[in-house]
Amino acid sequence: MNTIELVRIPAMTVPEKECLVFEERRFTYEQLLDRILRLAAALQARGVRRGDKVAIIHTNSNEYVEAYYAVAMLGGVFVPLNYRARSDELVYLINNSETSTLLVGDRYVDQIRALAPQFPNVQRYIAVESPQDGMEFYGDLIASASPEDAPEVEVDDSDCTILMYTSGTTALPKGVILTYGGFSEYILTTTEPASDESTGATLLAVPIYHVAGASAIMTALYGGRKLVIMRQFDPKEWLRLVERERITNVFLVPTMMKRIIDDPDFDRFDLSSLQFISYGAAPMPVPVIRKAIAKFPKHVGFMNAFGQTETTSTVTILGPEDHRLEGTEEEIERKIGRLHSIGRPVDDVELAILDDEGNPLPVGVVGEIAIRTPREMAGYWKQDDATAKTKVGGWIRTRDQGYIDEDGYVFLAGRKSDMIIRGGENIAPEEVERILHGHPAIEDVAVIGVPDEEWGEKVKAVVVIREGAHCTHEDIIAYAKSRMASFKVPEIIEFVETLPRNAMGKVLKNVLREQHRIYEQERPREENLSA
């Protein structure tokens, strides 16, 4: 199914229902579909055909949503670019994807102009927000085209609809081939179609170039919820929009959640409309989610949604019931323990824990999380070797380490590449981080392995201290020793102001390891013994 139907169907059912809000702009389904049809007709008139790559570098906006659906209608491939990418990364992404049409937001015009001589495949540039010299203007395309001229292009479920690049650290980003069928499978199995009775409003705060953002623009619109778009996340604006637009559904990454609940004006806003808060994309510290549960209205249902770009969004969910810290003391303790998990697989997902040879591991044993789902990626764009290493024996090998408990809950143990091997013992950084997050003086922490001649690697904790708190190296070591096996206790504590993270809040472990590998080699040995 072409994903344009996710807008066309509700536009036929509830044409006058308000469906999208961006800043001061408001659109009904009928109006949004009209703009999509006009844009599709204009792009076709300029030569965009089935399979052509249309990229965009821009922050979230209604034009971003319209551009995706117009490209989908043409059977084209939409390439959402990370607007935080460096210039050299943009050159790689645009050339690797073979982009022929590039949509450009105002703040990126000068950068793209300077880089344009390095884009041999780009045939046309479209300025999204305001007229720009040497570029066609998006507004003119909409105004000059007729919705009656919009094409009806047949697509196969196996055709790529979005080429989404994973974030690169030491390696170049990989283009994940996400198909029409994959998104259709996900949306149709998780979302009821819009009707006259449809209610609710979704606030989109994550970037659309991430799979969580891309799936949100499909689920909200197909489900008949009003989609309210933030250009970029800001905690005060988020609170204001929840109150003004009577938001019911949101998705947050852990860093966003923390900034919201720590905002000094949190209690001044009416958040009573909220029904569901989903979170994911990075590990959620248990102290943060417990504080969120306490601060948000009691009726709000929290959900930890874990997924990957390669699986077209969510594969496991820790549901609202597991977040309600009620019952006997024993039941509450069990639920607090489960807050460390990512929940259980959703209906269209089969999950297993495998060893290096691909054999299933028993309950409680750490191995690699593997996924089977009908909505898995088609592969990595122009990287057959990487595809072969990820799609193995009918499974998506996620490179995430984890285990399953006796009740079927899945627990993460860090990325396979992050595993620390000290004297032959495997140490999962995420386990050490979970424990250290419980220290009252620790605001943020990342655990990495650094080279050691005697042990191969030793455990290092890179720590951010809460504002106004005091903590020493010895304090953290003592706290860790009382709560974990001795070989897992960090031998080095490094205090820093911030940790390097990507736009979705994930700590960039490769960057951190490289920084601290060099640092450890250069500083005197005795400095390792004190903070």
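Q: In this predicted model, does E310 count as buried or exposed?

A: Buried means under 20% relative accessible area. E310 has 6% relative accessibility and therefore counts as buried.

Q: With which residue does E310 form a salt bridge?

A: The general idea is that side chains of opposite charge can pair when their charged atoms come close. Here the partner of E310 is R399, and the closest N and O atoms of the two are 3.9 Å apart. R399 is partly exposed, its relative accessible area being 28%.

Q: Which residue forms a salt bridge with R397?

A: That residue is E368, with 3.0 Å between the closest N and O atoms. E368 is in strand β18 (residues 367-372) and R397 in strand β21, so that distant parts of the chain, 29 residues apart, are linked. E368 is buried at 5% relative accessibility, and R397 is buried with a relative accessible area of 8%.

Q: Are K460 and E494 buried or exposed?

A: Both residues are buried. Their side chains meet in a salt bridge, at 3.8 Å from N to O. This pair also links distant parts of the chain: strand β26 (residues 456-465) holds K460, strand β27 (residues 492-495) holds E494, and the two residues are 34 apart.

Q: How many salt bridges does a search of the whole structure find?

A: The search finds 43 salt bridges.

Q: Let us turn to helices. Which residues of helix α16 are buried?

A: In general, an α-helix has 3.6 residues a turn, so residues three or four places apart point the same way. In helix α16 (residues 473-481), the buried residues are H473, I476, I477, Y479 and A480. Viewed down the axis of α16, these buried residues fall within an arc of 160 degrees, so they line one face of the helix.

Q: What covers the buried residues of α16?

A: The covering elements include α15 (429-436), β25 (442-452), β26 and β27.

How values were computed: Residues numbered from 1 in each chain as written. Predicted model: local features only at pLDDT ≥ 70, side-chain atom pairs only at ≥ 80, totals over all residues. Heavy atoms only, no water. Salt bridge = Lys/Arg side-chain N within 4 Å of Asp/Glu carboxyl O. Buried < 20%, exposed > 50% of the residue type's maximum accessible area, 1.4 Å probe, protein only. Helix = DSSP H or I, 4+ residues; strand = E, 2+ residues; numbered from the N terminus. Arc of directions from axis to C-beta. Contact = heavy atoms within 4.5 Å.
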